[in-house]
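Colleague: Can you walk me through this one? I have a few quick questions.
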Amino acid sequence: MTSTNKEPVIVVLQMSGGNDYLNTTIPYAEGIYRDSRPVVGVPDEKIIRIDSKIGLHPEMGPLKELYDSGDLAIIHGVGYKDSPRSHFRSMDIWHTCEPDKIGTEGWLGKITRELDPNKENVLTAVSFGAALPRALALPGVPVACVDDLDNYGLLPGIAKEQRNKILDRFARMYSPTIGSGAVMDYLGQTGLDTLEGADILKEAPKLYSSNVEYPDTTIAKKLKGIAQIHLANFGTRVFYCDHGSFDSHSNQVGMHDKLWKDISQGISAFFADLREHNASENVIMFLFSEFGRRVHDNGSGTDHGAGGVAFALGDKVVGGQYGEFPSMKPEHLEQGDVVPSMDFRGVYTTMVEDWFGLDANPIVNGNFEKLAYLK
Amino acid sequence: MANKDIELMAHLMRRAGFGATRSELETRVQKGYDATVEELLDPESQPPVDRWEIMRYQPYAFRSGTIQNFGSSEWLQAMISSQRPLQEKLALFWYMLMPTGVAKTDHYQNENRRIHEFKEIGMGSFYDILMATAKTPGMLFYLDNIENNAKAVNENWGRELLELFSMGVGNYTEIDVREASRAFTGWTYELMLPRGPINRHDQNFIYRPEMHDDGEKTFLGQTGNFNGEDIIRIILQQPATAQFLARHMYNFFVADDVQVPAWGVTPPRDEAAVDLLADTLFESDYDIKKTLRVLFTSDFFKNARFEKIKNPAEIVVSTLRMVGGYEKPFPGLGDMSRQYGYMGMDLLNVPSVEGWHFGAEWINSGSLMRRINFTADMVGDASKPGIQDMINRIKESKKLTPVQLVDQCLDLMGPLDVTETSKQELVMYASEGGDLNFETDTDYEVRITELLQLIVSLREYQYA
C-alpha cells in the first residue's frame with residue numbers, strides 16, 4: 001500500500017498505433033539490432049545509453065532525467081500470448097483484459113466503479129479525447145470526456161452571454177417533472193449531471209496558475225488540462241489521454257522522433273508542474289502501446305509486431321528496468337517479432353493492488369504475477 | 001394540410017428512414033400514408049445511391065482496411081442521401097441484429113460488404129438473410145467458423161446463430177448447439193488475389209467437403225446428415241424463431257423494449273403486436289416485406305410516436321438530412337463518420353456480438369453532451385438549406401408572439417410533442433426578445449436558430 005495521505009491518482013497515456021519498442025529502449029549492444037534495421041536503426045552516437053545494453057531514443061532526454069532521479073520504471077517485453085497484430089483487437093485486449101473473448105468492460109472503468117461505488121463524484125474519471133476509450137467503458141459509470149478544457153461543456157458554439165441564458169433554461173427543462181416516466185427522469189438526471197460536471201470542470205483553468213511553460217503540442221495540451229484538473233482538487237482519480245499515431249509503416253525516422261520529442265517534453269513539463277505545486281506524490285503515470293513493431297524494418301518503416309515496452313513514472317515509482325529484453329535471435333522470433341516476456345495484466349495488477357489497494361483479480365480477469373515497481 | 005397527417009408521416013419517416021424535411025413530408029402526405037409505405041417497400045422504384053460518385057471523392061472509403069475515418073463513410077453518405085430510406089434503415093436493423101466488428105475482423109471491406117448484402121436482400125426472406133450471413137467472410141471470421149472443422153468443432157457461430165440471431169436462449173439445448181456447429185463445419189472462405197491496399201485480401205465463401213463432418217446429426221428433434229442449409233431451414237420451422245425476430249422488429253421499428261438478455265424472462269411490451277408480427281412471419285415463410293407492411297400500417301405502430309430513444313446513427317443521419325447540404329460527398333465526411341462513435345455507436349465496430357444496448361442505455365453524461373452539442377451545432381447554422389427553409393416558412397407570418405414562434409419552431413422540428421414545463425421554458429426564453437417582427441428585427445436568424453438549439457437540447461428531442 002502507498003503511504004501517501006492524499007488519494008492515489010493514475011494518469012494513463014496511451015501511445016496509439018503500435019510504438020516501436022526496439023527504437024524506444026534500444027538494445028544497442030546487439031549486432032542483430034543493427035543488422036535488422038538498415039533504414040530505421042538509430043545511429044549509435046545519438047542513443048542515450050542507460051546501461052551497457054540499453055539506450056533511450058535520442059528524443060527521450062527529458063525522460064532520461066526522470067530515469068536518473070529514480071522516477072521512471074521501464075518494463076520490458078510487455079504484451080500477451082498470441083498477439084493478433086491488429087490495432088483494434090489488440091487495443092481492446094489491453095483495455096478489457098480479455099484476450100480470448102470479446103470483452104466490453106474496461107479495466108479502468110471497473111477501478112472507477114470501485115473507487116466511487118455510489119457515483120458521488122461525476123468527475124472520478126476524466127478522459128481527454130473525443131471518444132470514450134474502452135478501458136473506461138462500463139455501463140453506469142460516468143466518465144467526463146473532454147476535448148478541450150477551455151471550451152468544455154454544453155453548447156460551446158453559442159456566444160457566452162446567450163449561452164448562460166440558454167443553460168439556465170436547460171437546467172430548468174431537465175429538472176424532475178412529476179409523472180413523466182422513468183426514462184424522462186433518467187434523461188433529466190443525466191442532463192443535470194452533465195451540467196454539473198461541466199460547471200465544475202470549467203473552473204479548473206481559472207483556479208490554475210503555474211510557472212511551468214508547456215510546449216505547444218497536442219499531448220502537452222492534454223497533460224496541462226490533466227494538471228489543471230488535478231490541481232483543482234475535484235477528486236478525479238483516473239485520467240486518460242492518448243497520443244499518436246505510432247503506426248510507422250513508412251517514413252518512420254522523422255515521425256517516431258517527433259512523437260517521442262512531444263511525449264518526453266510534455267511529460268517533463270507535467271511533472272515539473274505538479275512538483276511546483278507539491279502535488280506529485282499521489283500521481284503515477286502509465287504509458288503503453290497496443291503492440292511493438294517488427295524486428296526487421298521494411299525499408300522505410302516497421303510493420304506490426306508483438307512484444308512492447310511500458311513505462312511507469314512518478315515519485316512513488318521505483319525507477320529502473322524490469323523484466324528482460326526478449327531475444328531477437330531469429331529462432332526465437334514469432335512471425336518476425338519479439339515474443340512478449342511479461343503479461344500486461346501482471347503490470348496492471350501492481351497498480352490495482354499496490355496503488356489503489358483493490359482486489360486485482362476481477363479487474364484484470366485473473367491472477368498474474370506482479371512486479372514491484374511501486375514503493 | 002391537417003397537422004395530424006404531417007405528424008404521422010413524420011413518425012413513419014423517422015422509423016422507416018432517417019426523418020424527412022417538411023417539403024418532403026408535405027409531398028408524401030399528398031401522396032397518402034399507405035402509398036408512401038408501398039413506395040418505401042419498393043426501393044427499386046427510386047434511384048439508387050451512386051457508389052461511383054463516392055468513390056471519385058473518397059476512394060479510400062472502398063478499401064479502408066482499418067482506417068476509422070473511412071470505415072463507415074460510404075454507408076454514412078448513403079444513409080444521408082439515399083432516396084430508398086427504408087433500405088438503409090433495414091440494413092442498420094440487420095446489422096444491429098447480427099453484428100460483426102472491425103475490432104476483430106480488422107477488415108472494413110468485409111464489414112461494408114455485409115451492409116451491401118443487407119441492402120440487396122434485407123427485404124426478402126429471412127432464410128436468404130441468414131444464409132448470406134452464414135457465408136459472408138466478415139461473419140465467417142468474426143465468429144470463428146473458418147476454424148470449425150470435423151476434427152475440431154468450433155461452436156462460436158453455431159451458438160450465436162441460435163442464441164442471438166434466430167431463436168433466443170431457452171429454446172434449444174447445448175446438444176443442439178453442438179449439432180448445429182457440426183453441420184457448419186467446412187464453411188469457410190478462400191483468399192482472393194491480388195492482395196488489396198492496406199494488406200487486405202478479398203475473401204469469398206467456399207465449402208470444403210474435406211473439412212465437413214459428414215456424420216448424422218440430431219438437431220431440434222430431427223435427424224439426418226445435415227449441412228448448414230438444413231440447420232437454417234429447421235431453425236425457421238420453429239415458432240420461437242418467428243417470435244424472436246418479431247420482437248426484434250417491434251423493438252427496432254415500434255417501441256423500445258427491455259434489453260435482449262431479459263427477453264427470456266420478461267414478456268414483450270405489446271404481446272398482441274409481437275404475436276401478429278410473428279404469425280405474419282411464420283405464415284409467409286419469413287417474408288420481411290410482407291411483415292413490414294403489416295407493421296407500418298398497424299395501429300400499434302401509428303400510436304407509438306416518440307416511444308423510442310434515437311440511436312446515435314439516427315441522431316447524426318437525421319440531423320444531416322434535416323439541415324441539408326450533405327447529399328453529395330462533402331469535405332469532412334470521414335470525420336463526420338466518427339460522430340456516432342463519439343456518441344457510443346461506432347458503426348461497423350460493434351463492441352461485442354451481442355450488439356449495442358439501446359433505449360435509455362444510449363444516454364450517459366458523455367454521450368448526452370455529444371448528442372446535444374452535435375445537433376445544436378448543426379441547427380445553429382442558418383446558411384444550411386434546411387434551416388433556411390424553416391426560417392422562410394416562419395417568415396411567412398410577418399409577425400409572431402413568443403408563443404407563436406415557439407409553436408412554429410416545435411412544429412417544424414418534428415412536429416415535436418413537449419411537456420408543459422419544457423414549453424414554458426421555451427416561451428420564457430423566446431419572450432426575452434419580445435415579439436418577432438420580420439420587418440423591423442434584423443436579428444431574426446439568430447433568434448430562430450438559438451431557439452432551435454434550445455429545442456434540440458430538450459429531453460424530448462432525444463426520442464424518435
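Colleague: How many helices and strands does chain B have?
Modeller: Chain B has 26 helices and six strands, where helices (H or I, at least four residues) and strands (E, at least two) are DSSP runs numbered from the N terminus. This is a predicted model, in which local features need pLDDT of at least 70 and side-chain atom pairs count only at pLDDT 80 or more, while totals for chains, interfaces and linings use all residues. Residues are numbered from 1 along each chain as its sequence is written, and chains are lettered from A and ligands numbered from 1 in the order in which they are written.

Colleague: What is the radius of gyration of chain B?
Modeller: The value is 24 Å, close to the 23 Å from the globule rule for 464 residues, so chain B is as compact as a globular protein of that length. The radius is taken over C-alpha atoms, and the rule is 2.2 Å times the number of residues to the power 0.38.

Colleague: And what box do the C-alpha atoms of chain B fill?
Modeller: Roughly 85 × 50 × 40 Å along the principal axes.

Colleague: Which domains is chain B divided into?
Modeller: Domain 1 (1-40), domain 2 (52-302) and domain 3 (385-462); the bounds come from an automatic or database domain assignment.

Colleague: How many residues of domain 1 of chain B are in contact with domain 3 of chain B?
Modeller: Seven, against six residues of domain 3 of chain B. Contact here means C-beta atoms, placed from the backbone, within 7 Å. On the domain 1 side, α1 (3-16) and α2 (22-31) of chain B each give two or more residues, and α1(B) has the largest share with four.

Colleague: Switching to the chain A and chain B contact: how many residues does each chain give?
Modeller: Chain A gives 40 residues and chain B gives 36. On the chain A side, α6(A) gives the most, with 10 residues. By class, that side has 23 nonpolar, 12 polar and five charged residues. Ala, Val, Leu, Ile, Met, Phe, Trp, Tyr, Cys and Pro count as nonpolar, Asp, Glu, Lys and Arg as charged, and the others, Gly among them, as polar.

Colleague: How is chain A divided into domains?
Modeller: Into domain 1 (9-147 + 212-364) and domain 2 (153-201). Their C-alpha centres lie 36 Å apart.

Colleague: How many residues are in contact between domain 1 and domain 2 of chain A?
Modeller: Seven from domain 1 of chain A and five from domain 2 of chain A. The domain 1 side has seven nonpolar residues, no polar and no charged.

Definitions and conventions: Contact = placed C-beta atoms within 7 Å.
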